[in-house]
Amino acid sequence: MCEYCIEKEVVSVEDITYSHVRQFLIECQERGNKAGTINTKLLRIRAFLNYMVECEVIKNNPAKRVKRQKEDVKIAVFSDDQIR
């Protein structure tokens, strides 16, 4: 996220917007990151921005409204041979 902000000329935490966070995660997806990885990145961004809110650097967390991606959940099913 730091490199992304530098690239987009976002030099202060106060300048980070919902759009910046969302666009960063879209770019991660385009680079091949899976939903679980993107969700982990979002959680870390939210945690950092929550800390900035606690320190009164910013008033609101812009990442709070960003939705998590749905992850494919595979359930292992027993075969007929395994049941016997």
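1. A helix here is a DSSP run of H or I that holds at least four residues, and helices are numbered from the N terminus. By that count, L25 lies in helix α2. The model discussed in these points is predicted.

2. Overall make-up. The protein contains four helices and zero strands. Going along the sequence, the pattern reads α-α-α-α. The radius of gyration is 18 Å, well over the 12 Å that the globule rule gives for 84 residues, so the protein is more spread out than a compact globule. Along the principal axes, the C-alpha atoms fill a box of roughly 60 × 30 × 15 Å.

3. Burial and surface. Of the 84 residues in the protein, 26% are buried. The accessible surface of the protein is about 7,000 Å², and carbon and sulfur atoms account for 50% of that surface. Among contacts with a separation of 6 or more, 43% join residues 24 or more positions apart.

4. In soluble globular proteins, nonpolar side chains tend to be buried together. The largest nonpolar core in this model has 16 residues, and V21 and L25 have the most contacts inside it. Two or more residues come from each of α1 (2–7), α2 (18–30) and α3 (35–54). Helix α3 gives the largest share, five residues.

5. L25. Leaving out residues up to four places away in sequence, L25 touches I38, K41, L42 and V66. As for distance along the chain, L25 and E14 are 11 residues apart, and their C-alpha atoms are separated by 19 Å.

6. V21. Which residues does V21 touch, once those up to four places away in sequence are left out? They are M1, I16, L42, I45, A63 and V66. L42 and V66 are also among the residues that L25 touches.

7. A patch on the outside. V73, I75 and V77 make a nonpolar surface patch of about 380 Å². V73 sits in the loop between α3 and α4 (80–83). The relative accessibility of V73 is 70%, and exposed means over 50%, so V73 counts as exposed.

Key:
Residues numbered from 1 in each chain as written. Predicted model: local features only at pLDDT ≥ 70, side-chain atom pairs only at ≥ 80, totals over all residues. Heavy atoms only, no water. Core = buried A, V, L, I, M, F, W, Y, C linked by side-chain atoms within 4.5 Å. Buried < 20%, exposed > 50% of the residue type's maximum accessible area, 1.4 Å probe, protein only. Contact = heavy atoms within 4.5 Å. Patch = residues over 30% accessible without salt bridge, like charges linked within 9 Å, V, L, I, M, F, W, Y side chains within 5 Å. Areas by Shrake-Rupley, 256 points an atom, 1.4 Å probe, with all protein chains shown as cover. Salt bridge = Lys/Arg side-chain N within 4 Å of Asp/Glu carboxyl O. Rg over C-alpha atoms; globule rule 2.2 N^0.38 Å.
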